[in-house]
Amino acid sequence: MADIQTQIMDAVRAHDTIIIHRHVNPDPDAFGSQLGLAEILREAYPTKHIFAVGEPEARLAWIGVPDQIDDAVYDGALVIVIDTANTERIADSRYDQGALLIKIDHHPNREPFGDLQLVNTHASSSSEIVADLVRATPDLNLSQASAAKLYAGIIGDTGRFLFDLTTPHTHEVAAELMATGIDAPALGRQEDELSPRGARLIGYALSKVTVSPNGAGSLLITQDLIAQFGLAPGEAQMVVGFIGKLDTIKSWVVFTERDDGRFRVELRSKQAPIQPLAIAHGGGGHPLASGAIADDKEEMQAIVQELDDLVKTV
């Protein structure tokens with residue numbers, strides 16, 4: 001791990017322009033690790049040109065706002081893709097237009113890409129990996145601004161330290177971030193806030209989720225429902241975590257209809273590993289939190305049945 005960290009920092013020092021990508025439909029860790037790393041590098045190397053790209057996300061604007069850059073900026077640039085397991089999910093398709101490509105991630109490395117790869121599947125989040133890179137590199141330091149972004153990413157991907165990848169090391173990193181003087185409770189409240197429309201959607205989800213006798217939960221969110229609640233892109237995914245609070249559910253799936261007629265698949269579990277199920281349908285992720293895309297309702301029904309069969313075995 002130390003060797004690849006050294007190689008990455010050598011590449012950072014060697015390039016005057018650094019462009020950082022993350023995945024589409026960003027969550028707090030995607031934004032926190034991407035924007036946190038950009039902030040850290042800007043503070044360490046003020047003469048370099050450092051950008052974080054991808055579509056903006058209104059619900060995460062409190063973490064930061066990505067940059068808009070021209071194609072010409074990629075000429076001779078170092079490109080870093082963070083918190084993204086496969087190329088299909090990279091936000092901004094220009095990621096391959098630079099001189100050197102680096103992958104930094106904590107998801108299983110099912111699709112290796114890039115000239116250098118720093119993949120740590122034991123880390124709670126990509127934000128934790130960035131914090132570890134700072135710890136290992138004398139050039140880099142944490143400010144309150146960068147620490148706040150990384151902390152937002154960590155509490156997002158750990159469910160405020162409730163999920164299975166939360167380790168003693170995760171708490172050590174969080175303590176170091178808090179030691180910079182960030183307002184950790186305020187960040188936690190910000191991440192936990194709901195809009196009235198979001199609250200109405202969660203109420204709908206908890207009342208409409210279907211639960212099998214074995215404890216497999218399933219919910220479909222249609223485009224009509226998204227329009228009815230006035231939801232912004234990606235906002236419907238907030239229901240995923242809330243469904244798991246039901247004590248009758250062991251594992252669950254949320255389908256969200258996309259503009260192209262296909263369905264985003266969010267799989268979660270309290271005990272049974274659901275990553276193989278996601279992989280079988282072209283997706284991936286973590287043992288207890290994975291995702292995929294379903295082409296049609298027939299594939300959705302197959303996923304629900306497979307999830308129910310899986311829950312039976314636990």
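**Figure 1. Contacts of Leu 35 in the predicted model.** Apart from neighbours within four places in sequence, Leu 35 is in contact with Ala 52, Ile 63, Gly 64, Val 65 and Lys 149. The model shown here and in the other views is predicted. Leu 35 belongs to helix α2. Its relative accessible area is 7%, and Leu 35 is buried because this value is under the 20% limit. Between Leu 35 and Ile 50 the C-alpha to C-alpha distance is 10 Å, with the two residues 15 apart in sequence.

**Figure 2. Lining of the largest cavity.** One cavity of 30 Å³ or more is found in a search of the whole structure. The volume of the largest cavity is about 30 Å³. Its lining is made up of Ile 8, Met 9, Val 12, Leu 37, Leu 41, Ile 80, Ile 104 and Leu 133. Two or more lining residues come from each of α1 (2-14) and α2 (28-44). Helix α1 supplies three residues, the largest share of the lining. By residue class, the lining of the largest cavity has eight nonpolar residues, no polar and no charged.

**Figure 3. The aromatic pair of Tyr 204 and Phe 229.** The structure holds one aromatic pair. Tyr 204 and Phe 229 form this pair, with 6.0 Å between the ring centres and 65 degrees between the planes. The arrangement is classed as edge-to-face because the angle of 65 degrees is over 60. Distant parts of the chain are linked by the pair: Tyr 204 lies in helix α7 (residues 196-208) and Phe 229 in helix α8 (residues 223-229), 25 residues apart.

Figure 4. Tyr 204 has a relative accessible area of 26% and is partly exposed. Phe 229 has a relative accessibility of 11% and counts as buried.

**Figure 5. Lysine over the ring of Tyr 45.** In this view the charged end of Lys 48 sits over the ring of Tyr 45. The distance from the charged end of Lys 48 to the centre of the Tyr 45 ring is 5.6 Å.

**Figure 6. Lysine over the ring of Phe 242.** Here the ring is that of Phe 242, and the charged end of Lys 245 sits over it. The charged end of Lys 245 is 5.7 Å from the centre of the Phe 242 ring.

Technical notes
Residues numbered from 1 in each chain as written. Predicted model: local features only at pLDDT ≥ 70, side-chain atom pairs only at ≥ 80, totals over all residues. Heavy atoms only, no water. Phe/Tyr/Trp six-rings, centres within 6.5 Å; stacked < 30°, edge-to-face > 60°. Helix = DSSP H or I, 4+ residues; strand = E, 2+ residues; numbered from the N terminus. Buried < 20%, exposed > 50% of the residue type's maximum accessible area, 1.4 Å probe, protein only. Lys NZ or Arg CZ within 6 Å of the ring centre and 35° of its normal. 1 Å grid on protein atoms, 1.4 Å probe; cavity = no way out; pocket = protein on both sides within 12 Å on 5 of 7 lines; lining within 4 Å. Points joined across faces, edges and corners; volume = space filled by probe spheres on them. Nonpolar A, V, L, I, M, F, W, Y, C, P; charged D, E, K, R; others polar. Contact = heavy atoms within 4.5 Å.
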